[in-house]
Amino acid sequence: MLLKTSASVPIATRSFSSIQSTLAGTWLNVVTPCYLLPMPSDATKEALRAFVAARDWDQFHTPENLAKSIAIEASELLECYQWTSTPDQQRVEEELADVVTYCIHLANKLGVDLDDIVMRKLESTAKKYPVELAKGRMTKYTELSKE
Ligand SMILES: [Mg+2]
């Protein structure tokens, strides 16, 4: 299990404020304080909302269009590495920002909390890739126990 409370309730299934309360004062709070910040920040979410509202673009932000945009921007990010292992850092950052921006828009459109879904997925992935089998290896989880 990735993270458990004393009551054995998976943290990933709990609200962000509940997670904040649980981790306050623990080593995780000290070691990774950024974990306790909402993802993205309220300021970033408001800036994105205002940007879209000012342009009346929400009408175009269907889940399908946003999912397509994530894939397109991910391709542009990948393109930065085409034929080179030393891409232009500024361009990488811009394309990464595009991917994240569309992910935020899609999460908002679907009414899901990014912290919650990332933590739930992390817990699921941790079960697929137990440390004792996966540490230092890039083997797909379906092949881990066969080696
Ligand atoms: Mg782009």
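**Ground rules.** I number residues from 1 along each chain as its sequence is written. The model is predicted, so local features need pLDDT of at least 70, side-chain atom pairs count only at pLDDT 80 or more, and totals for chains, interfaces and linings use all residues.

**Overall.** I found seven helices and zero strands in the protein chain. Helices (H or I, at least four residues) and strands (E, at least two) are DSSP runs, numbered from the N terminus. Buried residues make up 7% of the 147 residues. Buried means 20 or more other C-beta atoms within 10 Å of the residue's own, with C-beta atoms placed from the backbone.

**Helix α5.** I checked the length of α5, residues 89-110. Next I looked up its buried residues: Y102, H105, L106 and A107. They pack against α3 (42-55), α4 (63-79) and α6 (114-128). Just after α5, G111 takes a positive phi of about 70°.

**α4 against α5.** I read a packing angle of about 165°, with the axes 9 Å apart. Axes are lines fitted to C-alpha atoms over the stretch in contact, and angles run from 0 to 180 degrees between N-to-C directions. The two helices are therefore roughly antiparallel (over 145 degrees). The contact (C-beta atoms, placed from the backbone, within 7 Å) includes L66 and I70 of α4 and Y102 and L106 of α5.

Methods. The expected span of a helix is 1.5 Å times one less than its number of residues. A residue is buried if 20 or more other C-beta atoms lie within 10 Å of its own, exposed if 12 or fewer, and partly exposed in between; C-beta atoms are placed from the backbone. Two residues are in contact if their C-beta atoms, placed from the backbone, lie within 7 Å. Angles under 35 degrees count as roughly parallel, over 145 as roughly antiparallel, 65 to 115 as roughly perpendicular and the rest as oblique.
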